[in-house]
Amino acid sequence: MQLNDIARLRDYLTVKHHIPGRLRVLFHPALINRPEVKELVSNHSELPPGVTSVRVNALAMSVVIEYDPRRIPPDLLEELVHADEQRVVEVLRELGEKLGIMT
């Protein structure tokens, strides 16, 4: 799962709890049956730099993302879930610059 995947699905996500280094998001039930989403969450080898783990709890309809807050600014990660179409592009660019990746 990459940062742009989170941005693409942001309309289906709600931040439930966030402390620096750990973000829990709830996802809309509509995502459960989408095959591209199942593939994203099962492919843990493709985590972006700074993300240490992604755990999905289908029963609770939540995802926990653990990350290094020294590499990924917590405010930008949370904003990625809330950003509108214009701002999400800027947030992805900022995160990409901080992580040294192309998004």
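The model is predicted. The protein has 4 helices and 4 strands. Along the sequence, these elements run α-β-β-α-β-β-α-α. One cavity of 30 Å³ or more is present.

**Overall build**

- The protein contains 103 residues, and 40% of them are buried.
- Its accessible surface is about 6100 Å². Carbon and sulfur atoms account for 53% of that surface.
- Taking contacts between residues at least 6 apart in sequence, 53% connect residues at least 24 apart.

**The cavity**

- The structure holds 1 cavity of 30 Å³ or more.
- Of the 10 residues that line the largest cavity, Ile6, Pro48, Val51, Val54 and Ile65 are the closest to its centre.
- Two elements, α1 (3-8) and β3 (51-57), each give at least two residues to this lining.
- The lining has 9 nonpolar residues and 1 polar residue. No charged residue takes part in the lining.

- Ser62 sits in strand β4, which covers residues 62-67.
- Ser62 has a relative accessible area of 2%, so it counts as buried.
- The Ser62 side chain makes a polar contact with the side chain of Arg24, at 3.2 Å.
- Beyond its neighbours within four places in sequence, Ser62 is in contact with two stretches of chain. One is Arg24, Val25, Leu26 and Phe27; the other is Arg55, Val56 and Asn57.
- Met61 belongs to the loop between β3 and β4.
- The relative accessible area of Met61 is 27%, so this residue is partly exposed.
- Met61 has a positive phi, near 50°, although it is not a glycine. Most residues other than glycine have a negative phi.

- Leu13 lies in strand β1 (residues 13-19).
- Its relative accessibility is 15%, so Leu13 counts as buried. The cut-off for buried is under 20%.
- Leu13 and His28 are 15 residues apart along the chain, and their C-alpha atoms are separated by 6.4 Å.
- Leaving aside neighbours within four places in sequence, Leu13 is in contact with Ile6, Val25, Leu26, Phe27, Leu31 and Val81.
- One of these partners, Ile6, is also among the residues closest to the centre of the largest cavity.
- Val25, Leu26 and Phe27 are in contact with Leu13, and also with Ser62.

**Arg10: a buried arginine in a loop**

- Arg10 is located in the loop between α1 and β1.
- Arg10 has 9% relative accessibility, so it counts as buried.
- The Arg10 side chain has a polar contact with the side chain of Glu85, at 2.9 Å.
- A polar atom of the Arg10 side chain also lies 2.6 Å from the backbone oxygen of Ala7.
- Arg10 and His82 are 72 residues apart in sequence, yet 6.9 Å apart in space, C-alpha to C-alpha.
- Apart from neighbours within four places in sequence, Arg10 is in contact with Leu80, Val81, Ala83, Asp84, Glu85 and Val88.
- Val81 is a contact of Arg10, and also of Leu13.

- Arg87 is in helix α4, which covers residues 85-99.
- At a relative accessible area of 22%, Arg87 is partly exposed. Arg10, at 9%, is buried.
- The side chain of Arg87 makes a polar contact with the side chain of Glu79, at 2.5 Å.
- A polar contact at 2.9 Å joins the side chains of Arg87 and Glu94.
- Not counting residues up to four places away in sequence, Arg87 touches Leu76, Glu79 and Glu94.

Note on methods:
Residues numbered from 1 in each chain as written. Predicted model: local features only at pLDDT ≥ 70, side-chain atom pairs only at ≥ 80, totals over all residues. Heavy atoms only, no water. 1 Å grid on protein atoms, 1.4 Å probe; cavity = no way out; pocket = protein on both sides within 12 Å on 5 of 7 lines; lining within 4 Å. Points joined across faces, edges and corners; volume = space filled by probe spheres on them. Nonpolar A, V, L, I, M, F, W, Y, C, P; charged D, E, K, R; others polar. Buried < 20%, exposed > 50% of the residue type's maximum accessible area, 1.4 Å probe, protein only. Contact = heavy atoms within 4.5 Å. Areas by Shrake-Rupley, 256 points an atom, 1.4 Å probe, with all protein chains shown as cover. Polar contact = N/O pair within 3.5 Å; in protein donor to acceptor, adjacent residues only side chain to side chain.
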